[in-house]
Amino acid sequence: MALLSSPSSSSSPSSPPSDPVQTVRNFISQAPQSPYAFDGAAGSGRAELCRQTPGTGQKDCVEVALESRALFERMTDLGFFCALPQEPSKTWIECQPIPKDPTSSLALAPSAAAPASSTLSRKHGASIFSFPTLSLFSAHSKQPIFCPDYRTCARAPCLFSHTPPPPPAPPKTAPAASSSKGKTPIRTAPAPAPASSSVPAKRPAPASSSAPASGPAPRKRPAAPTGLRIRASPATSTVPIPTRQQMLVALHTEFARLYAGFEDPAEARRLAEEHALAQEEEVYKASSKMTYRNSVIHAVARLKKRPPAPFPSSPLCGTESVLAARAADEAHRAASRLSRARLAPYVLSDADRAAWGFTVDVPEGESDERPNEEGEMRRCERCAGEFRVRGGEVDREECTYHFGKAVFERVSGVKQKMWTCCRLPGSAPGCSTGPHVFQHKSPAVLHARHPFIRTPEAKGALEVVALDCEMAYTTAGLSLVKLVVVSGDDDEGQVLLDELVRPRNATVLDLNSRFSGVTSLDGAVLDVVAVRQAMFSVGVGADTIIIGHGLENDLNALRLVHPRVVDTSILFPHPRGKPYRRALRDLSREYLGQFIQDAAPRADGSAPVAEHSAAEDARAALRLVQWKIRKDAEAGGKGVRSASG
């Protein structure tokens, strides 16, 4: 322990007795006028007390079972002034005896004050009571300071004043102007507001309601609603957060004005706060630190010009980016909206319809002469074998065939024919079984089954529709079993008609569910004549433009001659030209990015079956025409060309 270390120490620390306080008293009583010093490690519970006799240099020490703080108090009680040395290198406490002479500057307070001094020393240390006070803060000083603990203060004497401050003097009224001749009246300034006033000194007090206003009321900066705060960290924001908060309040004020007409005030407040935060974030991301403030000011100016929104779902409700996206979407819809005038360049002419197999005139001859082919020999469309058409029970295993197409592919560098249904070579036997089927494509033969008619004129007919027909194999050939008509006047393609069709005077051989999507005709009550009349009743007339894919087959199944058609299989020609046509699912995937007729495995694990939807096909054809019109408009109409070419 480095405490008054000296090589000439004549004694070593003795073992402490049982009473440490008594040990200290006994040790000091041997030389009460000598200087003392003590030190001890924190938390050890022990300290070493030493003295050095003046003149001889002899040092005596004793070890006591007291902490340094407790030893400090004991030395103070015994009449010593203890303090740290002024040299920073010395860490021990030095204690000097206080002279008993009353005239000395280090004299103790009167004996009556000793207990209070002792109590004060335990609270605040010896440096307060060891010197007489100079009354710097008492009531006798120029600026007295009132004692904060005057009710429980035990200091003797106390540095502070115990006399409460006098109450503030009432404001002096200005004296009346003197009427003495030759004397100038004295003008006095009004007394300042009392200290208890809640109005800040730099702001004028609000005028009384009874007093007339002397000028315009000062403008108050609008306060931000509770919870409306910038959601950004000051460390990552390039613009100071207080600046952004100020701009946010300005934006919120305008949004609150725009939504003030809502029926629900809570909804108006919520949307105003939400859109103000979003608008501020948009401006912050689109601007720099130098341009942020001006960008917000311009945004506020644009909001001031916007008319109020009457309800939350109004097109006028939202941030600038939301309104811009809404306007762009509306422009996109307007550019894609179909009408007779916009579709006129794409309608097939009579020559084009005849070239692509459409029936352009009602065939001559009698109709309903041969409603079906029961008992006749026909060639199977699937396996190319001869068979006799018969109704009643149908043999489902008599025909083995490939339902896919034969295409040429390179296999191991060799070009050969492959079936798309089973990926087997063209010479492989069929991969599917079913009944023998047939169909007629000649308009004259079809007219002999059921008569063709022209689409009648209709007042107020729809401008544009899209349709898709599903056919099944019957004893009359390929017959209509489902019709779907969707509207072309809206963007969603609303379904106007969706009906199953009962074949007329024929027996179903195969519903062709793989491609028609029809699995049962239960509930079908309309035949081709009735469903055709239902189509006219929903608004299809001679002036209606019909959109579809491979429309000549659909119109032949309906026995309908229609002059105004747009066929997507012709509008998007095959790379190899006529008579090849691209599949609707390929066009939808390439131009629209939509997948239709997705294949799904059958329950028996055989070849996958396409999930077919007539409404989906009709809407796909409609969207393809919309895409074509929009792209041609962007290209200045250069995409429109003759379908026969």
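Visitor: How far is the sulfur of Cys431 from the closest cysteine sulfur?
Guide: In this predicted model, the sulfur of Cys431 sits 3.5 Å from that of Cys421, which is too far for a bond. The cut-off for a disulfide is within 2.5 Å.

Visitor: And Cys421, buried or exposed?
Guide: Cys421 is buried, with a relative accessible area of 15%. Cys431, on the other hand, is partly exposed at 34%.

Visitor: OK, switching topic. How many disulfides does the structure hold?
Guide: There are two. Counting bonded cysteines along the chain, the pattern is 1-2, 3-4.

Visitor: Let's take Cys50. Which residue does Cys50 form a disulfide with?
Guide: Its partner is Cys61, and the two sulfur atoms are 2.1 Å apart. Cys50 belongs to strand 2 (residues 47–52) and Cys61 to strand 3 (residues 59–64), so the bond ties together parts that are 11 residues apart in sequence.

Visitor: Why is that disulfide of Cys50 and Cys61 called right-handed?
Guide: Because the torsion about its S-S bond is about 115°.

Visitor: What's the relative accessible area of Cys50?
Guide: Cys50 comes out at 0%, so it is buried. Cys61 is buried too, with 7%.

Visitor: Now the other pair: what is the sulfur distance for Cys82 and Cys95?
Guide: Their sulfur atoms are 2.1 Å apart, and they form a disulfide. Cys82 is in strand 4 (residues 80–83) and Cys95 in strand 5 (residues 93–97), so this link joins parts 13 residues apart in sequence.

Visitor: What about the angle about the S-S bond of Cys82 and Cys95?
Guide: That one is 110°, and the link is right-handed. Both Cys82 and Cys95 are buried.

Definitions and conventions: Residues are numbered from 1 along each chain as its sequence is written. This is a predicted model: local features need pLDDT of at least 70, side-chain atom pairs count only at pLDDT 80 or more; totals for chains, interfaces and linings use all residues. Side-chain values use heavy atoms; hydrogens and water are left out. Helices (H or I, at least four residues) and strands (E, at least two) are DSSP runs, numbered from the N terminus. Buried means under 20% relative accessible area, exposed over 50%, partly exposed in between (1.4 Å probe, protein chains only).
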